[in-house]
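Subject: Handover of a structure and notes on its contents

Dear colleague,

Please find below the structure that I am handing over to you. My notes on what was found in it follow directly after.

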Amino acid sequence: MEKSLYVHRYRWPFAISKLALWSLIFIALIIFLFFHSPSSSYSYRSRRLTSNWGGPDWEKRVQRSARGRFHTGSHGHLSVLVTGAAGFVGTHVSVALKGRGDGVVGLDNFNEYYDPSLKRARQKLLDRNGVFVVEGDINDSNLLHKLFDVVPFTHVMHLAAQAGVRYAMKNPSSYVHSNIAGLVNVLEVCKSANPQPAIVWASSSSVYGLNSKVPFSEKDRTDQPASLYAATKKAGEEIAHTYNHIYGLSITGLRFFTVYGPWGRPDMAYFFFTKDILKGKAITIFEGPNHASVARDFTYIDDIVNGCLGALDTAGKSTGSGGKKKGAAQLRVFNLGNTSPVRVSQLVSILEKLLMVKAKKIVLPMPRNGDVLFTHANISSAQRELGYKPTTDLQTGLKKFVRWFSINCLRESRSFAISASDAGVRSVMLISKENG
Ligand SMILES: O=C(O)[C@H]1O[C@H](OP(=O)(O)OP(=O)(O)OC[C@H]2O[C@@H](n3ccc(=O)[nH]c3=O)[C@H](O)[C@@H]2O)[C@H](O)[C@@H](O)[C@H]1O
């Protein structure tokens, strides 16, 4: 009895401290998981970023960036809010708009889907071109309302999105967060702005999904998406219809076809193939059933920029004000492709020639990862209505990309520099010299 009392007396405090220790470990684990899960880390960072905006100096920078230079174009100057401005297409479009005299304000959350140092490098480029990029998330209504309070934007070029077809299997919620919730938030703010802006936004060739009729026309069915990415873009097109119908917003969706070029996205095949070929690392080339080739209608960035500018210039005015529709408004969707699909194996051959390095290839059946076998755009509608006319073939475009890569990812030891084999470095240096 005495012994058991003794044990009891000493076990109690021991048990309590053990419980406290385990509780602490449990709480620490929850905090760790919260801040390190992909979806929450994005939203946490976006919330943190909101503190970076506001104040008289910030407003002055926004207004200065939104101011256009007088130019003699037929459309007067636009004042454009570009979301996803530090992204690949966003950077090119912003520089082009500013270059021709329009006012541009960028918005980007600098998330870590791929190395943010590349986005920071693009931000520097934008800054040199007079484009101020506001750090914030498209889901932040307060920030968006504030931007419209400071500047009566005539247009919104909505390019912020969670990109990538295969990543949707790893982090589905990021697609819902950016491509659906984010889009709705942007449209909500646009609908209540006075005046309402016209909106041009990035849809995707992936909406054609399992469609087998080629070339893909805007009239073809888009109800068989093969990935969650495609499904969110398709949902975006339906959401656009709703906001056009209820609030009189003028909305143009652009279905981009595998856009590539300088300042591109490192998660895309042409980019990481280049990096891996130079490193001597094996690359995987997917093939379809019965060894069918997989092909893409690769479209060069400058052609896409022309299509985006054409869409902005021809966008009709939104008809509503303060959330009330006053009449029917324009609702459009266009394919922006190259009209000449190229096999992925051919893309690799071009890269091998440009890099002067033989790729170590592994050919594998295409996994069930959301990819489709081929894409091929019919662009007659964009040609007719936007004056869109792609002029760069894959060989020419990849040469420009490799040149950019050699200057920015090899020679300079920036934080996004990529180590490469000596032979590869020498060959891309040659290309770089050859191109001046
Ligand atoms: O048009 C679009 O709307 C989309 O274009 C882009 O998607 P995709 O056309 O899938 O480009 P990308 O990943 O470069 O793969 C290219 C090819 O390489 C094949 N591929 C890929 C990886 C690999 O390891 N091996 C391989 O063969 C692969 O099977 C494919 O055939 C954008 O990323 C996307 O955000 C969206 O904008």
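Two residues are said to be in contact if their C-beta atoms, placed from the backbone, lie within 7 Å. This is a predicted model, in which local features need pLDDT of at least 70 and side-chain atom pairs count only at pLDDT 80 or more, while totals for chains, interfaces and linings use all residues. Residues are numbered from 1 along each chain as its sequence is written.

Two loop asparagines

By the contact definition, and leaving aside neighbours within four places in sequence, asparagine 211 touches Phe216, Asp220, Arg221 and Gln224. Asparagine 211 is found in the loop that runs between β5 (198–204) and α8 (228–247). Helices (H or I, at least four residues) and strands (E, at least two) are DSSP runs, numbered from the N terminus. A residue is buried if 20 or more other C-beta atoms lie within 10 Å of its own, exposed if 12 or fewer, and partly exposed in between, with C-beta atoms placed from the backbone. Between the C-alpha atoms of asparagine 211 and proline 262, which are 51 residues apart along the chain, the separation is 30 Å.

Asparagine 378 belongs to the loop between β13 (361–365) and α12 (380–386). Asparagine 378 also counts as partly exposed, because 18 C-beta neighbours lie inside 10 Å. Its contacts, with neighbours within four places in sequence set aside, are Pro215, Phe216, Ser217 and Asn335. Asparagine 338 is 40 residues away along the chain from asparagine 378, and their C-alpha atoms are separated by 8.6 Å.

The protein as a whole

The protein has 14 helices and 13 strands. Of its 436 residues, 44% are buried. Among contacts between residues at least 6 apart in sequence, 82% join residues at least 24 apart.

Strand β1 (residues 79–83) is largely enclosed by the rest of the structure, because five of its five residues are buried. In a regular strand the side chains alternate between the two faces of the sheet. In β1, Ser79, Leu81 and Thr83 point one way and Val80 and Val82 the other way, and all are buried.

Two strands pair if DSSP finds at least two bridges between them. β1 runs parallel to strand β2 (residues 103–108), to which five bridges join it. Serine 79 stands opposite glycine 103 in β2. From β1 the chain passes through helix α4 (residues 88–99) to β2, in a right-handed β-α-β crossover. A crossover is right-handed if, with the strands pointing away from the viewer, the path from the first strand over the helix to the second runs clockwise. β1 also pairs with strand β4 (residues 155–158), in the parallel sense and over four bridges. There, valine 82 is placed opposite methionine 157.

Helix α5 (residues 116–128) has 13 residues and reaches 18 Å from its first C-alpha to its last, close to the 18 Å expected at 1.5 Å a residue. The expected span is 1.5 Å times one less than the number of residues in the helix. In α5 the buried residues are Leu118, Lys119, Ala121, Arg122, Gln123 and Leu126. Their cover includes α4, β2 and β3 (132–135). Just after α5, glycine 130 adopts a positive phi of about 85°.

Helix α10 (residues 301–314) has 14 residues and spans 20 Å from first C-alpha to last, close to the 20 Å expected. Eleven of the 14 residues of α10 are buried, and the helix is mostly covered.

Which residues come nearest to the ligand? Of the 19 residues around it, these are Ala163, Ser204, Ser205, Met268 and Ala269. A residue is near a molecule if its C-beta atom, placed from the backbone, lies within 6 Å of it. α9 (269–279) and β8 (283–287) are the elements that give two or more residues to this shell. β8 gives the most, with three residues.

Five bridges join β8 to β13, and the two run parallel. Threonine 284 has isoleucine 362 in β13 as its bridge partner. β13 lies largely in the open, because the number of its five residues that are buried is zero.

With kind regards
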